[in-house]
Amino acid sequence: MNQRVKGVLNLSDRELYCSPQICFGGYRSAYEDSDYVILGIPFDYTSTFRSGARFAPNQIRIASLNIETYSLRFGLDAEDLRVTDVGDLDVSGDVEETLRRIRGVVKDFIADGKLPIFIGGEHTLTLGSVKAFEGEVGVVCFDAHLDLRDDYLGLRVSHATFMRRICESIGPENVLIIGARALCREEAEFARESGVNIINMLDLRNLGVKRSIEKLRRFINSQERVYISIDMDVLDPSIAPAVQNPEPEGLLLHELVEFIAECTAKASALDLVEVTPVYDNGMTCIHAAKVIYEALSSLEARRKRRT
Ligand code: MN
Ligand code: MN
């Protein structure tokens, strides 16, 4: 926070320079005055490989405090946005109860007219947050995986199955998965039979980003509003190694941001999941923070154009 803001808010040095907690971007708007709300969801109970996404919210917050907030791409400073970080969800040991809590909290955000941004945590949390929209939302998911198994290791609700549950809830035609390159035969068959929309990594490389974005735009035009879910393993592991299930041949950051900037036209919420900081060289959390800043900047640029 700079001296100009200090003067406007009439803060003492103690209020300005002492932080009671780490918050994303140092944002300290009051909840009532905020357009965007950030919530950490430190939950990774169904993780099956490189667990530890529960530690991601705070590590991504720390990264966010150590990179610049000005967006060259969208021509504004994310520091000026009205954002509040409400902290972390109290996670239950019971997955269903955790999803119920997520759904309840997200309903509160929606009722209060906020645009929520969730920092996971594992991908299963998306099932809880999407359900808060009661079928009135399409989902655009960036992921190396389809997460469309019917069950996985005995669980019907897990990071590997939750997208199947979302398809059952809102209809497969209202789901678009971008960047997929790791799937099993069961998922391939379900994808073919159900009609779930997929731009897999081979298609994406063959078409190129621009023409893939045209496909994305057609999907978005068919939806009233859109929920954006970003599994960080959609990025190439050479730039974002610290994810729970890394897969080679991924997207680069500027490509992901181009896709997200298209989705923000109708975005109602966004999540970023699956970062597992214990495997990080520092860069995954930096990339995660950058994705959130650029998404916020894109959302704000569109908001300004509307008003
Ligand atoms: Mn994944
Ligand atoms: Mn996933």
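A residue counts as buried under 20% relative accessible area, as exposed over 50%, and as partly exposed in between. The exercises below use this rule on a predicted model.

**Exercise 1.** Is Asp150 buried or exposed, or does it fall in between?

Solution. The relative accessible area of Asp150 is 24%. Buried requires under 20% and exposed over 50%. Asp150 is therefore partly exposed.

**Exercise 2.** Find what Asp150 forms with Arg165, and which parts of the chain this pair ties together.

Solution. Step one: Asp150 and Arg165 form a salt bridge, with 2.4 Å between the closest N and O atoms. Step two: Asp150 sits in the loop between strand 6 (138–142) and helix 6 (162–170), while Arg165 belongs to helix 6, so the pair ties together parts 15 residues apart in sequence. Step three: Arg165 has 8% relative accessibility and therefore counts as buried.

**Exercise 3.** Which residue in helix 6 lies three residues apart from Arg165, and what do the two form?

Solution. The residue is Glu168; three residues is about one turn of the helix. Arg165 and Glu168 form a salt bridge, their closest N and O atoms being 2.9 Å apart.

**Exercise 4.** Work out which helices the salt bridge of Glu262 with Arg217 ties together.

Solution. The closest N and O atoms of this pair are 2.8 Å apart. Glu262 is in helix 10 (residues 253–263) and Arg217 in helix 9 (residues 209–221), so the bridge ties together parts 45 residues apart in sequence. Glu262, at 16% relative accessibility, counts as buried, whereas Arg217, at 37%, is partly exposed.

Notes. Residues are numbered from 1 along each chain as its sequence is written. Chains are lettered from A and ligands numbered from 1 in the order in which they are written. This is a predicted model: local features need pLDDT of at least 70, side-chain atom pairs count only at pLDDT 80 or more; totals for chains, interfaces and linings use all residues. Side-chain values use heavy atoms; hydrogens and water are left out. A salt bridge is a side-chain nitrogen of Lys or Arg within 4 Å of a carboxyl oxygen of Asp or Glu. Helices (H or I, at least four residues) and strands (E, at least two) are DSSP runs, numbered from the N terminus. Buried means under 20% relative accessible area, exposed over 50%, partly exposed in between (1.4 Å probe, protein chains only).
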